[in-house]
Amino acid sequence: MVIGVIKYNLPVAFPWILKDVIDHLLSGKPSQIGLGFDQLMGLAVLLFLFYAVVTYVRTYIADHLAQAMIFDVRRDLFQHLQRLPVDFFQKYRTGAISSRLITDVSMAQNFVGLAGTNLFMDLTSLGSITFVVFYMNWKLGLVTYCTLPFYVILQKRVGRRMRKNSKEARRRMEMIEGDLHETISGISEVKSFTFEGQETKRFLLRCRSYLEVLYENIRTYSFSLGATAVLTRIPPVLVIWAGGHMVLRGDLTVGSLMAFYAYLEMIYNPLARLSELNIQLANSRAAIDRLFEFFDLESEAKHDGAPP
């Protein structure tokens, strides 16, 4: 966790170095931190090298832990399935059970990796950058976040809708996988009674039903990305507009405006990522809900009144 915080917050120092170079060193003034031009550039190179090392370590540890957690979930679910009563296996198709054990667990991995690492780290990065931009100029800071309330409302509504649609999509895919498993397992009977045509029609109907839900998700996803693009690209224009007038009046230095614009990219890139993460997390949460439908079932021992 600490490594991730360092990795996502280390780039905050680079625009500040840019500001110091433009406003002081290139104007023949001493640096704010007491370093010469070459020394400051060397420091920037060292920071980038350190950033690369931290990125490697953080990615390795985070992915390793995510895979280990998913391994534990798949193991625990399989052991839990072994303890369920026989009527459970009569109620659910073999393909549907396999789908939850394999596909849904794999989709849940995104929640572990994204919510546990990227989402939290992006939020810490946004917190650091927000502090810096308001420290530099609170007026431009307000302009920077003028569309943030609309962004939050958008993501909240899109997340709910995507989660509902994703859960329905997984339910329909589960039906397809169940039918497919039964058809392949009983292929001898299908061929003996010449049911190939009927099985094909049933399979296509299931696939079309699944495709309808996917189209709905695509429409929601496209709207989310389009709206996010508007909400995250208008503020930089407004900042340059307002900041340019401040520079002309002498209320803001050119270096501060350049640094501010660099911070804008660091602000809205995470927000754009959070928009995509919101979609992925909706799919993952739908898969997790389906997994807990099985985990919440009582085992055979509890069902019989015996101790677990």
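Which residue lies over the face of F294? In this predicted model, in which local features need pLDDT of at least 70, side-chain atom pairs count only at pLDDT 80 or more, and totals for chains, interfaces and linings use all residues, that residue is R100, placed at 4.4 Å from the ring centre. A charge is taken to sit over a ring if NZ of Lys or CZ of Arg is within 6 Å of the ring centre and within 35 degrees of the ring normal. F294 also belongs to one aromatic cluster, which it forms with F88, F89 and Y92. Residues are numbered from 1 along each chain as its sequence is written, and side-chain values use heavy atoms, with hydrogens and water left out.

Nine aromatic pairs are present in the structure. The pair of Y56 and Y60 is stacked, because the ring centres are 6.4 Å apart and the planes stand at 25°; rings of Phe, Tyr and Trp (its six-membered ring) pair if their centres lie within 6.5 Å, with planes under 30 degrees apart counted as stacked, over 60 as edge-to-face and the rest as tilted. Y56 and Y60 are four residues apart in helix 3 (residues 37-82), and therefore about one helical turn separates them; helices (H or I, at least four residues) are DSSP runs numbered from the N terminus. Y56 is exposed, at a relative accessible area of 58%, and Y60 is likewise exposed, at 52%, where exposed means over 50%, buried under 20% and partly exposed in between (1.4 Å probe, protein chains only).

The rings of F131 and Y135, with centres 6.4 Å apart and planes at 15°, are also stacked.

Key:
Helices (H or I, at least four residues) and strands (E, at least two) are DSSP runs, numbered from the N terminus.
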